[in-house]
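Dear colleague,

Please find the structure below. My notes on it follow.

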Amino acid sequence: QRVSFSMLRLALIGGSHVCEQYGRIAARIRNARFSAVANRDAGIAERTARLLGAEIWTDGFDKLMSSHAAAFDAVLIHSTNPSHELHCRSAAQAGRHILVESPLAMSSRAAQSVVDECGRSGVRLMVGQIARFWPSVQAVKESLDGGKLGQPGLLRIHRWESLPSESSAERSQLGTRADGTLSTIIREIDLACWLFGRGPTQVFAVGRRHSTAPIEDWDYVQLHLGFSNGGMVIVDYSRILPQGDCYFSLSVIGSAGAAYADDHHNMQLLFCGGRPSGLLTGQVDKAMLSQLQEFIDAVEQNREPIITGADGLAAILVSEAATESIASGQAVCLAGGRNQP
């Protein structure tokens with residue numbers, strides 16, 4: 001069943017780090033347009049609105065909701081992570097569909113409350129996870145779903161970043177925040193669950209930080225996830241590299257084959273028989289366009305988006321188990337969506 005509308009009107013909330021990317025793809029989205037922008041900095045809000053072709057801009061979310069709620073049908077929430085829960089709940093109560101940048105909330109309890117509120121309000125909720133839409137990662141997922149790799153046995157993910165003074169452009173590509181374990185590895189947790197098609201049953205993690213850093217503001221995290229089918233995930237995250245290029249790589253070893261992807265200069269190596277070849281991709285804009293279009297299509301078609309609130313909640317539950325494991329030095333068991341002793 002399709003929802004009857006001629007053009008979905010979008011409001012961008014926050015998003016100073018993604019406004020340029022949205023500006024580059026705004027003309028390419030189908031059946032939607034930007035109509036409003038809210039940012040705590042009024043100057044940024046105005047510049048972003050002009051870039052996106054939006055008629056309305058305000059210097060705050062509350063002002064947008066109280067004075068201009070009739071001007072948009074859906075919100076794209078890229079505000080600070082601690083604000084996600086409040087902004088999602090307010091938008092849902094106003095009957096506005098929601099695409100919220102991961103993490104969905106700062107705890108599993110808060111995330112569940114958002115999911116429940118969206119259910120009561122009858123609005124669509126999608127959790128933004130741009131890494132799922134990277135062409136290289138999508139190729140790996142398609143190989144798994146098509147049976148070319150067999151059952152996944154080992155997934156290794158490396159993400160190495162520069163020091164916390166990284167530029168806003170880098171942050172927009174990496175999607176990270178210094179909010180502790182939750183935001184440090186939430187993307188990798190979601191990728192692991194998605195590629196394995198299930199959540200883990202065992203979680204073990206270690207973390208390291210500078211002595212002067214806030215608690216759980218990790219400079220290095222290693223995460224081990226164990227799955228009921230015997231599969232395992234190892235995630236290495238570090239943000240202590242010198243200023244410069246960051247690096248992401250992902251490799252899967254399955255029962256019938258293996259696959260590898262990275263973002264090194266956006267060059268993907270193809271091995272399909274004969275001589276190998278390279279494919280240069282500009283994956284950030286393409287991934288953002290694909291994610292936004294999926295959200296728009298889900299609203300139009302009155303269906304669940306491919307990344308649901310339940311997916312966002314599941315990743316947070318695993319992140320909480322990882323935080324517990326770092327603190328205790330012990331593995332944490334997960335069963336039925338809850339931590340078990």
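Just after helix H4, Gly95 takes a positive phi of about 80 degrees. Helices (H or I, at least four residues) and strands (E, at least two) are DSSP runs, numbered from the N terminus.

This is a predicted model, in which local features need pLDDT of at least 70 and side-chain atom pairs count only at pLDDT 80 or more, while totals for chains, interfaces and linings use all residues. Residues are numbered from 1 along each chain as its sequence is written, and side-chain values use heavy atoms, with hydrogens and water left out.

H4 covers residues 84–93, and His84, His87, Cys88, Ala91 and Ala92 are buried there (under 20% relative accessible area; exposed is over 50%, partly exposed in between; 1.4 Å probe, protein chains only). Viewed down the axis of H4, these buried residues fall within an arc of 130 degrees, so they line one face of the helix; the arc is that of the directions from the helix axis to the C-beta atoms. Leu86 and Gln93, on the other side of H4, are exposed. The cover over the buried residues includes strand E1 (8–14), helix H3 (61–68) and helix H5 (108–121), where contact means heavy atoms within 4.5 Å.

The structure holds zero disulfides, a disulfide being a pair of cysteine sulfur atoms within 2.5 Å. For Cys118, the nearest cysteine sulfur, that of Cys88, is 6.3 Å away. Cys118 is buried, at 4% relative accessibility.

Val235 lies in strand E10 (residues 232–241) and is buried, at 1% relative accessibility.

Kind regards
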